[in-house]
2 protein chains.
Amino acid sequence: MGSTTELDRAVTQQLADHDLRYTSGRRAIVAGLHDADGPVTLPELLEASSDLAQSSAYRNLSLLEEAGVVRRLAHGGEYARYELSEALTEHHHHLICENCGSVADVVLDPAVERSLDEALRALESSEGFVAGHHTLDVYGRCANCT
Amino acid sequence: MGSTTELDRAVTQQLADHDLRYTSGRRAIVAGLHDADGPVTLPELLEASSDLAQSSAYRNLSLLEEAGVVRRLAHGGEYARYELSEALTEHHHHLICENCGSVADVVLDPAVERSLDEALRALESSEGFVAGHHTLDVYGRCANCT
DNA sequence: TTGCTTGCAAATGATTTGCACTGCT
DNA sequence: AGCAGTGCAAATCATTTGCAAGCAA
């Protein structure tokens with residue numbers, strides 16, 4: 001506790017903008033999300049940092065989401081998954097193992113990402129849809145399950 | 001009812017492979033999914049074709065999913081959304097309106113899709129992840145909400 | 001008949017919420 | 001003191017499931 005990282009500073013700022021305090025419980029959540037190598041479920045979060053009450057964890061994740069610190073994902077499993085917002089991390093996508101259910105982050109080649117962005121921008125004239133952000137989920141088999 | 005389309009024939013086949021009958025309730029579900037221009041929620045499905053019992057609709061969607069006829073999506077809204085499997089439709093992605101919550105299908109430029117596939121295939125050597133299919137969700141504003 | 005299907009009602013389980021208490025500020 | 005934050009327990013609500021009745025092969 002105490003060592004204020006770059007991430008902590010950014011989160012403190014975003015929370016302050018929403019009149020929220022950066023309490024120890026919220027720090028534990030942010031730390032738990034940061035340490036994982038992919039989006040995590042609530043049980044995983046509780047296990048990683050014990051001393052978190054389930055209801056408070058849910059409530060704080062919800063508040064952190066509104067504050068733009070956290071992003072909530074619904075990949076269809078039993079539990080929702082949470083990760084730090086892309087405002088606080090690098091733009092990335094997800095590798096979802098269809099065997100064990102694990103979810104890992106990946107960063108794609110910038111060239112691919114660029115051609116994708118271009119295609120999405122074109123949707124505005126073809127479909128009248130103004131694209132904001134996007135998510136790409138890749139389903140398959142992770143290294144452990146091959 | 002009775003006009004057997006190409007789609008119906010394919011579904012009948014897939015169901016038969018799983019020892020399932022293509023009953024009228026299941027036909028109504030497939031028709032409801034086919035008629036929509038994007039993935040639909042269960043309430044929407046029930047509204048479109050009344051005379052469907054909620055529990056049977058859920059049960060049949062689940063069975064149809066196992067049989068590879070239907071795909072279930074969890075975009076995070078209150079209800080899950082369902083669509084016909086890509087074995088029965090064209091490969092496509094989703095335009096999700098952040099204002100009204102509607103979800104529409106889009107087919108991307110084949111060139112973009114190809115470069116994407118290539119990038120995903122490369123994940124096998126870089127990450128040890130064997131990619132199967134993928135989903136791309138684009139968030140933004142639909143034509144009606146601009 | 002045999003067994004897949006259906007619909008109702010009850011059960012499940014992740015997430016949310018009411019409320020009294022704790023602890024910053 | 002005043003109010004945001006916490007934790008417990010109870011409430012929600014989409015989805016699932018048990019069971020008795022319906023229907024096709």
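Modeller: Start with the elements. Helices (H or I, at least four residues) and strands (E, at least two) are DSSP runs, numbered from the N terminus. Read along the sequence, chain A goes α-α-β-α-α-β-β-β-β-α-β. That comes to five helices and six strands in chain A. Its C-alpha atoms fill a box of roughly 50 × 40 × 25 Å, taken along the principal axes.

Biologist: What should I know about the model and its labels?

Modeller: This is a predicted model: local features need pLDDT of at least 70, side-chain atom pairs count only at pLDDT 80 or more, and totals for chains, interfaces and linings use all residues. Residues are numbered from 1 along each chain as its sequence is written, chains are lettered from A and ligands numbered from 1 in the order in which they are written, and side-chain values use heavy atoms, with hydrogens and water left out.

Biologist: How do I read a sheet, and what is the order of the open sheet of six strands?

Modeller: Strands of a sheet pair through backbone hydrogen bonds, either parallel or antiparallel. Two strands pair if DSSP finds at least two bridges between them. Here the order is β5(A)-β4(A)-β6(A)-β6(B)-β4(B)-β5(B), with mixed pairing. The twist averages 25 degrees from one strand to the next.

Biologist: Which strands stand at the edges of that sheet?

Modeller: β5 (103-106) of chain A and β5 (103-106) of chain B. Each has a single partner strand, so one side of each is left without a neighbour in the sheet.

Biologist: How many bridges join β6(A) to β6 of chain B?

Modeller: Nine, and the two strands run antiparallel. Look at L136(A): its bridge partner in β6(B) is L136(B). D137(A) has T135(B) as its bridge partner.

Biologist: Is the pairing of β4 and β6 within chain B parallel or antiparallel?

Modeller: Parallel, with four bridges joining β4 (residues 93-97) of chain B to β6(B). H94(B) stands opposite D137(B). C97(B) has G140(B) as its bridge partner.

Biologist: How do I read a helix against a sheet?

Modeller: Contact means heavy atoms within 4.5 Å. Axes are lines fitted to C-alpha atoms, for helices over the stretch in contact, and angles run from 0 to 180 degrees between N-to-C directions. α5(A) lies across β4 and β6 of chain A, together with β4, β5 and β6 of chain B. It runs at about 130 degrees to β6(A). Helix α5 (residues 110-127) of chain B touches β4, β5 and β6 of chain A, together with β4 and β6 of chain B. Its direction makes about 130 degrees with that of β6(B).

Biologist: What is the order of the open sheet of three strands in chain B?

Modeller: β1-β3-β2, with antiparallel pairing. The edge strands are β1 (40-41) and β2 (70-73) of chain B, each pairing on one side only. Four bridges join β2(B) to β3 (residues 81-84) of chain B. One of the bridge pairs is R72(B) with Y82(B). Helix α4 (residues 54-66) of chain B packs on this sheet, touching β2 and β3, at about 110 degrees to β2(B).

Biologist: Now the interface. How many residues does the contact take from each chain?

Modeller: It takes 33 residues from chain A and 33 residues from chain B. Buried area is the accessible area (1.4 Å probe) that two parts lose on being put together, summed over both. The two chains bury about 2700 Å² between them, 68% of it on carbon and sulfur atoms. In chain A, F129(A), H133(A) and Y139(A) lose the most area to chain B, together 20% of what that side buries.

Biologist: How many salt bridges does the rule find across the interface?

Modeller: A salt bridge is a side-chain nitrogen of Lys or Arg within 4 Å of a carboxyl oxygen of Asp or Glu. Across this interface the rule finds zero. Over all chains, the structure holds six. One of them joins R27(A) and D8(A), the closest N and O atoms being 4.0 Å apart. R27(A) is in helix α2 (residues 24-35) and D8(A) in helix α1 (residues 6-17), 19 residues apart.
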